Amino acid sequence: MSIKKDIIAIFIGLIIFISVFGSVYTVKLEAPGHAVVYADPEKKVYYAPPYIDGLMSQSKLPKEIDAKKLKPYPMAEARVMQYRADETSRERGYFVQQYRSLSSYILEKAKIVKPLPTRWNKDGTWNW
């Protein structure tokens, strides 16, 4: 009987730990490999489309970025070709989405709650 109580106590302790820690910790989603990025083959750098599109719409594209040289690539392909992510795109968090709490994420994986929309569509386009 003592082992059964110990197992139940451990199980309850784990549930409480996950509930408390899980409500504080946020799961982050990284951009999937099929997400389309703009890459500069000469510089071997890739950019987040929302970053480039935003700059172009405001006519504020820096001189070091030549829009004519940018080509769309799936992120996985750009990485295979050993391109590196643009520092500004990375610093601004374009390639990572703060998704949801760990507790909610576990409930989502258990199919108890619906998934939230992500920043990237299945066809590689970005929800921005």
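K44 is partly exposed, with a relative accessible area of 41%. In this predicted model, K44 lies in the loop that links strand 2 to strand 3, and its phi is near 60°, a positive value in a residue other than glycine.

A positive phi also occurs at K111, about 65°, although K111 is not a glycine. K111 is found in the segment after helix 5 (102-109). Its relative accessible area is 75%, so K111 is classed as exposed, the cut-off for that class being over 50%.

Helix 2 spans residues 49-57, and its buried residues are P49, P50, Y51, I52 and L55. These buried residues pack against strand 2 (36-40), strand 3 (45-47) and helix 4 (87-91).

The largest nonpolar core contains 22 residues, of which V37, Y46, Y47, Y51, F95 and W126 touch the most other members. At least two residues of this core are supplied by each of strand 2, strand 3, helix 2 and helix 3 (75-80).

With residues up to four places away in sequence not counted, V37 touches Y46, Y47, P49, K71, P72, Y73, M75, A78, F95 and W126.

Definitions and conventions. Residues are numbered from 1 along each chain as its sequence is written. This is a predicted model: local features need pLDDT of at least 70, side-chain atom pairs count only at pLDDT 80 or more; totals for chains, interfaces and linings use all residues. Side-chain values use heavy atoms; hydrogens and water are left out. Buried means under 20% relative accessible area, exposed over 50%, partly exposed in between (1.4 Å probe, protein chains only). Helices (H or I, at least four residues) and strands (E, at least two) are DSSP runs, numbered from the N terminus. Contact means heavy atoms within 4.5 Å. A nonpolar core is a set of buried Ala, Val, Leu, Ile, Met, Phe, Trp, Tyr and Cys residues joined through side-chain atoms within 4.5 Å.
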